[in-house]
Amino acid sequence: MATQPSSDLTRRTAAQLSEALRAGEVTSVEVTQAHLDRIAAVDGAVHAFLHVSAEEALATAREVDARRAAGEELHPLAGVPIAVKDVVVTKGLPTTAGSKILEGWVPPYDATLVERLRAAGLPILGKTNMDEFAMGSSTEHSAYGTTHNPWDLDRIPGGSGGGSAAALAAYEAPLAIGTDTGGSIRQPGAVTGTVGVKPTYGGVSRYGLIALASSLDQAGPVTRTVLDSALLHEVIGGHDPRDATSLPEDLPGLVAAARAGQGGDLTGVRVGVVDELNGEGYQPGVRARFEESLELLRRAGAEVVHVSCPHFGHALAAYYLILPSEASSNLAKFDGMRFGLRVEPTEGTVTAERVMAATRGQGFGDEVKRRIILGTYALSAGYYDAYYGSAQKVRTLIQQDFAAAFEQADVLVSPTAPTTAFRLGEKLDDPLAMYLNDVATIPANLAGVPGMSVPNGLSEDGLPVGFQILAPARADDRLYRVGAALETLLEREWGGPLLNRAPELATEGTTR
Amino acid sequence: MSTTTPPLVDYDEAISRFDPVIGIEVHVELGTATKMFDGASTEFGAEPNTQVTPVSLGLPGALPALNGKAVESAIKIGLALNCEIAELCRFARKNYFYPDVPKNFQTSQYDEPIAFDGWIDIELDDGEVVRVEIERAHMEEDAGKNTHVGGATGRIHGAEYSLVDYNRAGIPLVEIVTRPITGVGDRAPEVARAYVQTLRDIFRALDVSEARMERGNVRADVNVSLRATPEAPLGTRTETKNVNSFRSVERAVRHEISRQAGVLDAGRTVTQETRHWHEDTGVTTAGRVKSDAEDYRYFPEPDLVPVAPSREWVEEIRATLPEMPVARRRRLQTEWGYADAEMRDVVNAGAIELIEATVAAGAAPAAARKWWMGELARTAKTEGVELADLPVTPEQIGQLQQLVDAGRVNDKLARQVLAGVLAGEGSPEEVVTARGLEVVSDDGALLAAVDEALAAQPDVVEKIRGGNQGPVGAIIGAVMKATRGQADAGRVREIVLERVQQG
Amino acid sequence: MSTISREEVARLAGLARIDLTESELTRLAGELDVIVDSVAKVSEIATEDVAATSHPLPLTNVFRADVPEEPLPVADALAGAPSAEGGRFAVPQILEED
Ligand SMILES: [Mg+2]
Ligand SMILES: [Zn+2]
């Protein structure tokens with residue numbers, strides 16, 4: 001463990017920082033500065049951030065400290081800094097979604113979840129790296145360079161939200177926001193040894209998230225502990241009239257569920273193992289850790305049953321039709337007319353049509369073009385029924401599978417990702433192999449149900465593995481209860497958090 | 001592709017050999033306070049881009065939130081057009097790239113319109129009633145406005161460019177699509193015009209839109225095709241876009257019939273295409289060819305949830321529907337006893353409500369019509385304003401007519417009273433008092449004036465005595481002049497004749 | 001089942017308004033062929049009797065009150081524009097009228 005006080009602060013959980021701040025033991029400026037220092041020291045190697053907003057973060061921290069000093073009643077997380085995935089629009093802070101086409105764009109408005117972070121007094125440290133427009137599972141598709149996994153800098157941090165997960169794993173931030181369209185919160189969580197939660201669809205407002213696939217996207221917490229996720233989830237969740245798909249009701253009791261789970265007792269909880277999300281294609285170490293975690297849950301009193309979700313085998317295919325289709329339409333607005341990059345054709349007449357095509361041709365990366373063309377194909381006349389229409393039907397079948405499974409179990413579980421972090425560049429030229437990373441996380445997005453990834457050990461290669469918990473729509477609290485219980489039981493065995501076993505990162509520059 | 005344009009065929013000639021089929025798509029901008037999917041104001045005439053939010057600008061991250069009032073208005077329109085109201089319907093995205101479409105897709109309804117399978121009776125000028133079947137009425141959003149800037153001053157590579165204002169982007173629209181209108185023969189242009197006019201009246205009666213044609217609140221696309229006989233299958237149609245006045249609707253249909261007849265006579269086929277209407281020259285020109293390239297890739301809008309109007313809500317709305325214009329017009333015509341031509345003039349002048357209120361204020365229907373279609377219509381024309389915009393209320397006209405009916409003012413004085421009211425001098429009663437305009441019917445005052453006039457014109461008196469009543473007018477004129485018009489002309493005539501006989 | 005030709009990719013790129021280079025066209029034709037082959041199996045299980053799900057959770061009738069909100073200040077609206085003039089967005093000439 002590091003000994004410097006600023007370094008100590010970066011090792012604390014958000015819940016611990018919250019308590020220290022409330023007790024007057026530290027100030028938000030100290031906490032925020034400690035994280036900015038850490039970013040300065042390690043982000044050259046990790047590259048979790050696309051933009052660091054030191055000034056703004058410290059200004060917020062000072063304001064929170066002043067209000068606390070004045071005796072104001074503050075939100076429990078007030079003063080705890082946070083990193084925000086660059087797909088979330090932030091007024092006054094550059095927002096690129098990892099794309100060249102948005103280079104230099106400064107949004108004139110805040111996403112609803114950002115408004116809520118600001119209202120609660122969380123200093124925003126900066127914007128985190130991601131696959132361009134959240135298309136990818138490795139963050140290698142960022143137009144601004146890849147993010148490196150703090151466990152092994154030659155490996156991917158997962159994606160699309162590799163920046164947020166890596167920021168947590170590298171102690172650059174105690175909290176981060178991610179978005180999950182097919183696993184982009186959970187899979188990076190799994191491969192970096194951090195916690196990530198995809199809430200029930202509609203549980204967190206999508207207003208201000210640069211849309212990838214509207215019917216699948218959901219923002220959620222990226223943290224190092226289950227309790228921290230619950231605390232953050234309660235800040236950003238709840239109904240938003242600006243998002244028509246936002247749930248009308250709040251989903252309370254998340255923090256309470258996490259605290260209850262920390263007791264480690266799961267008596268009476270029925271845990272369903274999804275047989276289709278295990279076995280062939282899953283790394284042996286991943287399967288071994290999964291079995292051990294099941295045994296822990298059993299010992300904690302849970303009843304472990306096996307359930308079958310026969311249509312999950314078609315989830316990946318349905319997903320790779322629905323996502324590109326919706327994305328092809330959502331990304332149409334990036335045309336060089338109203339904001340962002342504008343490229344004029346080098347020869348011939350300069351017409352709006354040609355400028356749009358030139359801008360999109362140069363502004364979008366390979367994976368984005370690939371998916372837009374695929375989506376355009378799936379929606380085009382004559383193919384709609386076979387592709388997009390069929391995929392929407394598969395979605396119904398997957399929902400039915402979930403409904404049947406949740407008759408038998410309170411939560412469903414599986415490994416989060418089939419493998420640990422692979423080497424940078426390893427799957428870059430094989431889109432299908434890349435897509436397989438999300439095979440276990442995608443069904444939840446198709447059905448709109450919530451999911452969590454909790455670190456549950458290291459594989460035979462010494463890299464972290466994640467345990468996925470899924471709950472019925474609106475029953476996000478179950479994730480927190482079971483997730484916190486598993487975390488507690490595992491940490492008892494390990495004698496501390498899994499991240500303690502991550503190698504120390506070399507630091508550069510000076511810290512205060 | 002042909003290079004020469006075949007000559008137009010004379011309309012009567014064309015119609016004698018071809019059977020026209022028309023179809024009309026009307027877009028109406030709803031008069032809601034805010035846009036379809038965001039809270040930006042819809043007030044007309046604001047400075048460019050001052051009525052936009054991240055949503056109407058299509059900024060990254062923005063999401064639509066559906067205006068409930070717009071849905072209610074769409075249901076009202078559907079019910080007024082005798083449509084079924086969908087139990088559940090969704091929005092869809094119509095994907096196409098165009099700079100005035102901020103998201104590069106229009107949020108519209110596609111295969112699930114909120115209203116469908118309706119009809120509306122329209123009345124032609126001669127009173128013939130034609131039933132137009134409505135295929136659907138659906139909700140969608142308007143686009144922004146491009147202003148073309150020409151010439152070498154353009155900043156973009158020295159070329160021409162456009163300036164875009166997104167104030168209009170996202171204004172709620174309802175698009176109403178007819179089924180093919182067949183069997184109307186040579187009256188097709190008139191039917192098209194009367195249909196759009198009827199819709200305009202309905203929008204106003206429902207209070208869902210100001211429906212001002214000159215502001216583009218109501219825009220029509222007219223489809224026209226010709227076939228050899230009513231039994232033949234439908235011919236290839238053209239769609240003439242954005243025809244924005246009643247007269248133009250009629251002219252555009254007429255022109256397309258003549259043009260297509262020319263194409264067919266030349267042995268060619270009509271191209272399925274959109275066409276542009278040129279108000280100044282009265283012709284249409286070719287626009288986009290409908291081709292395979294036009295692939296809108298519609299799919300259900302994932303950002304909006306389905307609209308499922310409960311039957312209770314629909315019935316509640318139905319109960320609030322006002323009487324429809326054609327029915328109301330017929331009822332009022334009967335009640336007022338107007339001739340068809342009179343009623344038509346009243347309708348065309350937009351004077352129904354004014355006359356109705358004037359009658360309610362105590363004027364006889366004939367008198368009310370005389371005021372609004374006579375003196376007031378002339379004034380409005382001179383001033384270049386709408387009748388309703390004149391600074392006089394139907395109540396005031398009612399009061400004025402009551403003064404006439406009571407004999408307190410004659411016609412000439414009444415016009416002076418009206419001038420006073422229009423000049424802002426107050427109510428008719430106030431103007432009469434202030435200007436001293438009451439009719440002088442007291443014989444004493446009149447006798448003196450008559451005697452004076454007779455004395456001044458002895459030759460005229462001789463003529464009258466000789467049995468020639470013609471010159472009586474000259475005496476009356478003199479008396480009226482002397483009394484500044486306030487004499488009761490009838491009474492003056494009686495007194496003149498009495499005095500001449502006596503003398 | 002599928003064979004996505006280079007010409008088909010070019011047509012799709014036109015619809016999607018993306019300039020693609022010759023090498024991109026060639027590469028994408030190959031990649032899309034593989035992807036489409038692997039996802040096409042959805043049509044095998046998506047039989048007539050299965051309803052399509054367009055929204056993950058079944059909400060209906062979410063309406064906003066017709067009450068105006070503050071607009072974006074014009075300066076903010078135009079701040080990110082590549083080109084603007086007189087309060088409006090300046091865009092290259094529009095050839096194809098709609
Ligand atoms: Mg149309
Ligand atoms: Zn339309």
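Predicted model: local features only at pLDDT ≥ 70, side-chain atom pairs only at ≥ 80, totals over all residues.
Residues are numbered from 1 along each chain as its sequence is written, chains are lettered from A and ligands numbered from 1 in the order in which they are written, and side-chain values use heavy atoms, with hydrogens and water left out.

Me: What pattern does chain C follow along the sequence?
Reply: Helices (H or I, at least four residues) and strands (E, at least two) are DSSP runs, numbered from the N terminus. Chain C has four helices and two strands. Read in sequence order, the pattern is α-α-α-α-β-β.

Me: What radius of gyration does chain C have?
Reply: The radius is taken over C-alpha atoms, and the globule rule is 2.2 Å times the number of residues to the power 0.38. For a compact globule of 98 residues the radius would be near 13 Å. The C-alpha atoms of chain C fill a box of roughly 55 × 45 × 25 Å along the principal axes. The radius of gyration of chain C is 22 Å.

Me: What is the order of the strands in the open sheet of four strands?
Reply: Two strands pair if DSSP finds at least two bridges between them. E7(B) and E8(B) run antiparallel and are joined by five bridges. The pairing in the sheet is antiparallel, and the order is E7(B)-E8(B)-E2(C)-E1(C).

Me: Which strands are the edge strands?
Reply: An edge strand here pairs on one side only. The edge strands are E7 (145-149) of chain B and E1 (84-85) of chain C.

Me: Which residue in E8(B) stands opposite Val149(B)?
Reply: Strand E8 of chain B spans residues 161-165. Opposite Val149(B) stands Tyr161(B).

Me: Is Ala302(A) buried or exposed?
Reply: Buried means under 20% relative accessible area, exposed over 50%, and partly exposed in between (1.4 Å probe, protein chains only). Ala302(A) lies in the loop between helix H10 (284-299) and strand E8 (303-307) of chain A. Because its relative accessibility is 8%, Ala302(A) counts as buried.

Me: Which residues does Ala302(A) touch, not counting residues up to four places away in sequence?
Reply: Contact means heavy atoms within 4.5 Å. With residues up to four places away in sequence left out, Ala302(A) touches Leu266(A), Val269(A), Val271(A) and Leu297(A).
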